[in-house]
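Open the model in your viewer and keep the selection tool at hand. This tour goes from one stop to the next.

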Amino acid sequence: MAEHRVVCWDCNADVNDPYVNNCPRCGGLLTVKIDLENVKEMKPKDLHREQIGVWRYTPFMPVDASKKVSIQEGGTPLYRVEALGKALGVPKTHVKFEGLNPTGSFKDRGMTIGVSRAKELGATVVGCASTGNTSASLAAYAAKAGMKCAVFLPSGKVAAGKLAQALFFGAKVLSIDGNFDDALELARKMADEKKLYLLNSINPYRPEGQKSVLFEIMDQLAYEVPDRIVLPVGNAANIWAVYKAIQELKEVGWISKTPMLTGIQAEGSAPVAKAFASKKHDFVPEEHPETVATAIRIGNPVSGRKALHAIYDTGGFSDTVTDAEIISAQQLLGKTEGVCVEPASAASVAGLRKLRDAGVIDRDERVVCICTGNGLKDPDTIINNAQPPIKCRNSVEDISRILLS
Ligand code: F0G
């Protein structure tokens, strides 16, 4: 475990109460400061190489490995996607497929650290608000840890696979009259009253685990830093986690270059991209976010200011994509590479396509798209946008004719 302190990202005050999620002094966002002095003596080859996934990077992680709650998260493939890259006009494109985590999304990286932290604190009830994936992940890790779990979901807007997971793992699933932002407000009130330990990404331990996606990408690219990393932005913690990991690798001297972090939002749910377009460092919350990519249907992203900082500080970019562009990118990834991602994840590919067409991204750039969740999470969207099954008689001649057409 790394020595660390929790501090306020805004005013730098030390925060010692493990149950608060905002700075008691200024109300700011919290972050974890990792003491990396010992890691500076190390090289990447000194990491626990037999270990695959998040826990390979324990020198960067703020929890005691003896309290580990793990379902073997991380260790996902980084695909060199030549056919997709050619179709997009960016030949050196890679896809980091986070849909192959234990519960099918990148959330497992944050949850193994977050739930291990809850165990360290002796928490017995954990909870979160979610557009789906966080709740699926927390429900699984709470089951593994033997903790009670409550998840707050926007009613009617959670993809079927995600809802099934939360129910299956035995969480108390609460369907909230409102959207994600309303559900989060409620979960935070419950946490403030100490009714549960909150495991949304406002909890600064969650992004710590999510840093591991960047560590893994660097291992997979032999520490040759890509020019750009493109990822979908919803509640805006993941882009911040990737940024923090880059800063830490620079601090220990394992990398020197900075990839341009590029955050993509859905057009109907785009407070961060709109702030970027008007060169602002803060965003205006949106009242009625709407998109087919329900995972990122969020109007008031908790880490929005951190995300904007990450984008500006790396010389990155932010933009929106339409639902049609998202679905088209999802289908292209499937048809060219045999990779099935959920709509929110396809936003990164749609963003790459749009920004290449607009000339923001050069043809020669080495790009990594982070595809955050598995397409099987949301089968309805896939089926609604696919050709229906072909009706046929049980006849070899009829079927042969169909195959030839
Ligand atoms: N992609 C997927 C598949 C997600 O589930 C999420 C967020 C994101 C991208 C965006 O990441 O919030 O860190 O910017 N899902 C959350 C949830 C909100 O409740 O599952 P972010």
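Select helix H8 (237–251). H8 contributes three residues to the lining of the largest cavity, the most of any element. Helices here are DSSP runs of H or I, at least four residues, numbered from the N terminus. A cavity is a set of points, on a 1 Å grid over the protein atoms alone, where a 1.4 Å probe fits but cannot get out; lining residues have an atom within 4 Å of a point.

This is a predicted model: local features need pLDDT of at least 70, side-chain atom pairs need 80 or more, and totals for chains, interfaces and linings use all residues. Residues count from 1 along each chain as its sequence is written, and side-chain values use heavy atoms, without hydrogens and water.

Next, show Phe106, Lys107, Gly234, Asn235 and Ala295. Of the 28 lining residues, these are the closest to the centre of the largest cavity. Its volume is about 330 Å³, the space filled by probe spheres set on the grid points, which are joined across faces, edges and corners.

What takes up the largest cavity? The ligand does. Select Lys107: a side-chain N or O atom is 3.0 Å from a ligand nitrogen. Move to Ser130, where a side-chain N or O atom is 2.7 Å from a ligand oxygen. At Thr134, a backbone N or O atom lies 2.8 Å from a ligand oxygen. The protein covers 98% of the 480 Å² of accessible area that the ligand has on its own (Shrake-Rupley method, 1.4 Å probe).

Last stop: the second largest cavity, with about 60 Å³ of space. Select its lining, including Leu29, Trp240 and Lys306.

Definitions and conventions: Polar contact = N/O pair within 3.5 Å; in protein donor to acceptor, adjacent residues only side chain to side chain. 1 Å grid on protein atoms, 1.4 Å probe; cavity = no way out; pocket = protein on both sides within 12 Å on 5 of 7 lines; lining within 4 Å. Sits in = over half its atoms within 2 Å of the grid points. Helix = DSSP H or I, 4+ residues; strand = E, 2+ residues; numbered from the N terminus.
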